[in-house]
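Hi there,

Here is the structure I promised to pass on. My notes on its aromatic contacts follow below.

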2 protein chains.
Amino acid sequence: MARQDRAIHTRRMILEAAAEMFDEFGYDATSIGGLIDRIQLTRGGLYFHFTSKEQLARAVLDEAVTMNGLAPQALKLQEWVDLALLLAYRLPREPLLSASIRLSVDVRARGLFGTRWPDWMRVGEELLVEAGNRGELLPHVEPAATARLLVGAWTGVQQVTETLPDRDLSEEISCLFELILPNIASAGVLAKLDTSPYRAERLLLEAGSPAIHSSRRE
Amino acid sequence: MARQDRAIHTRRMILEAAAEMFDEFGYDATSIGGLIDRIQLTRGGLYFHFTSKEQLARAVLDEAVTMNGLAPQALKLQEWVDLALLLAYRLPREPLLSASIRLSVDVRARGLFGTRWPDWMRVGEELLVEAGNRGELLPHVEPAATARLLVGAWTGVQQVTETLPDRDLSEEISCLFELILPNIASAGVLAKLDTSPYRAERLLLEAGSPAIHSSRRE
């Protein structure tokens, strides 16, 4: 492995280990010392990439807004659904995503770094505005308010679902869409939307995404 | 003030101060020493009521499932809506409620004490089953799944709303119901439901609830 590849690989390994610790223990209880124990890297090796816990948290949050697997669809509303289903599929399988939510609901970390919720709201709103322009929405739908509510609802369903061992996030988010879409999609569009909990896995395969490593939680 | 009244008063004061600290700083960063500084009570005075941070957290969570202001309604579905609107109104005004959510989304505290989400799901499911028996629900509605989704959606909307200074939780939860109820309530029932963000305040006044002290956040 060339030196530069090795550095990229090491940086990623550190970031994923830090994300796992933020996710398991929370921001306050995670320490650089504990991270070094976990990844068996020297302090110098770690500091070459990250010099503080704050920097690690920021790097984790920077990875949070990702569109992997999202592909253009005939219906813009389908893209909005796809984004939420993709995240629901990926979150239990990717420590970086899981940790970024943990940092957002953690009051201390949120105070230091903010959250990525406004970014998600903006992405959702843009998709819904475009869906509206194409006549895919019922006339009363307000894109900004609907995007905001979905970010909230998605986040809370994720929080609650991870405390329920026999529930699957993809299925819960699929149910959430079945509940809300009839009051969002115009009549002809609703029947064409795919809200299946298996859709995200298919999209990722079609996109040729790097294999998603198996879930920590399965 | 009689000795017993004074003890009840002191216990409540301690609990509210602890709740404020859990809410502001999170579970890990809250300490008995910090609490003593805040409330200016001796260690002995505190220990008469609570001997550990764990005991304080459990007492906060025990206060979390409250039905204040809920009154029997002609429609059971209205009671389900009322419960969510009442909590949305009270949470920004009552540190104990706010702290109980914070402890539920805090991964460390949740590991120690669990959450009250299963209790809320059960209460919601019971109301929805009864609503179904009375013909208030569309035929496809599954009470358990719907109650579970609302607990998740409510929790996340609260989390996200508190990061948005110009948004009000009562209005957001009111919007959430406007989004989901058309796919839950049977046609004749939907028009009769009151989802106004001002409903909770009215219910609390009618119930003659002790005056809600003014919001910390207003």
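A:Y27 has a relative accessibility of 1%, so this tyrosine counts as buried (under 20% relative accessible area, with exposed over 50% and partly exposed in between, using a 1.4 Å probe and protein chains only). Please keep in mind that this is a predicted model, where local features need pLDDT of at least 70, side-chain atom pairs count only at pLDDT 80 or more, and totals for chains, interfaces and linings use all residues. Residues are numbered from 1 along each chain as its sequence is written, chains are lettered from A and ligands numbered from 1 in the order in which they are written, and side-chain values use heavy atoms, leaving out hydrogens and water.

Over all chains, the search gives 6 aromatic pairs (Phe, Tyr or Trp rings, the six-membered one for Trp, with centres within 6.5 Å; planes under 30 degrees apart are stacked, over 60 edge-to-face, the rest tilted). A:F22 and A:Y27 are stacked, because their ring centres are 5.6 Å apart and their planes lie at 25 degrees. A:F22 is buried too, like A:Y27. With A:F113, A:Y27 makes an edge-to-face pair, since the centres are 5.5 Å apart and the planes at 75 degrees. A:F113 is buried at a relative accessible area of 10%. Together, A:F22, A:Y27 and A:F113 form one aromatic cluster.

There are charges over rings as well (NZ of Lys or CZ of Arg within 6 Å of the ring centre and within 35 degrees of the ring normal). The charged end of A:K53 sits over the A:Y27 ring, 4.4 Å from its centre. In chain B, B:R93 lies over the face of B:Y89, 3.9 Å from the ring centre.

Best wishes
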